[in-house]
Amino acid sequence: MLYRFNTREESQALVQALVAFVMVMLIMIGIAGTVYRIIAPDGWIAHAFNRSAVSGVVALCSIGIIAGMLW
């Protein structure tokens, strides 16, 4: 018996794949934007160091701890 091409099933699979792709891209853009805001020259770490050296070191340590937990 040959496989019958069902356009409804195929179109549903295509829509699901497109929705999944859009969701993954939005997540990646959000993560990249957050990382950029952290390490940018006028980002969150730079603002922390502008307040005081201690708060900048604390910010870097907290990012290191989070990175260590993720690793």
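1. Glutamate 10 is partly exposed, at 35% relative accessible area. The cut-offs are these: buried is under 20% relative accessible area, exposed is over 50%, and partly exposed lies in between, with a 1.4 Å probe and protein chains only. Glutamate 10 sits in helix 1. Between the C-alpha atoms of glutamate 10 and isoleucine 31 there are 32 Å in space, for 21 residues in sequence.

2. A word on the basis. This is a predicted model, in which local features need pLDDT of at least 70 and side-chain atom pairs count only at pLDDT 80 or more, while totals for chains, interfaces and linings use all residues. Residues are numbered from 1 along each chain as its sequence is written, and side-chain values use heavy atoms, with hydrogens and water left out.

3. The protein has three helices and zero strands. From the N terminus on, the order is α-α-α. The radius of gyration is 22 Å, well over the 11 Å that the globule rule gives for 71 residues, so the protein is more spread out than a compact globule. That radius is taken over C-alpha atoms, and the rule is 2.2 Å times the number of residues to the power 0.38. Helices (H or I, at least four residues) and strands (E, at least two) are DSSP runs, numbered from the N terminus.

4. The C-alpha atoms fill a box of roughly 75 × 25 × 10 Å along the principal axes. Of the 71 residues, 8% count as buried.

5. Isoleucine 27 belongs to helix 1 and counts as exposed at 52% relative accessibility. Its C-alpha is 25 Å from that of cysteine 61, 34 residues apart in sequence. Isoleucine 65 belongs to helix 3 and also counts as exposed, at 52%. Isoleucine 65 and valine 15 are 50 residues apart along the chain, with 40 Å between their C-alpha atoms.

6. Next, the helix 2 and helix 3 pair. Their axes come within 5 Å and cross at roughly 145 degrees; helix 2 covers residues 44-51. Axes are lines fitted to C-alpha atoms, for helices over the stretch in contact, and angles run from 0 to 180 degrees between N-to-C directions. On the helix 2 side, Ile45, Ala48, Phe49 and Arg51 take part; helix 3 brings Ala53, Ser55, Gly56, Val57, Ala59, Leu60 and Ile63. The residues of this contact divide into eight nonpolar, two polar and one charged. Contact means heavy atoms within 4.5 Å. Ala, Val, Leu, Ile, Met, Phe, Trp, Tyr, Cys and Pro count as nonpolar, Asp, Glu, Lys and Arg as charged, and the others, Gly among them, as polar.

7. Which residues line the largest pocket? They are Thr34, Val35, Ile38, Ile39, Ile45, Ile63, Ile66 and Leu70. Helix 1 gives the most, with four. By class, the lining has seven nonpolar, one polar and no charged residues.

8. The largest pocket holds about 190 Å³ of space. A pocket is an open set of points on a 1 Å grid over the protein atoms alone, where a 1.4 Å probe fits, with protein on both sides within 12 Å along at least five of seven lines; lining residues have an atom within 4 Å of a point. Grid points are joined across faces, edges and corners, and the volume is the space filled by probe spheres set on the points.
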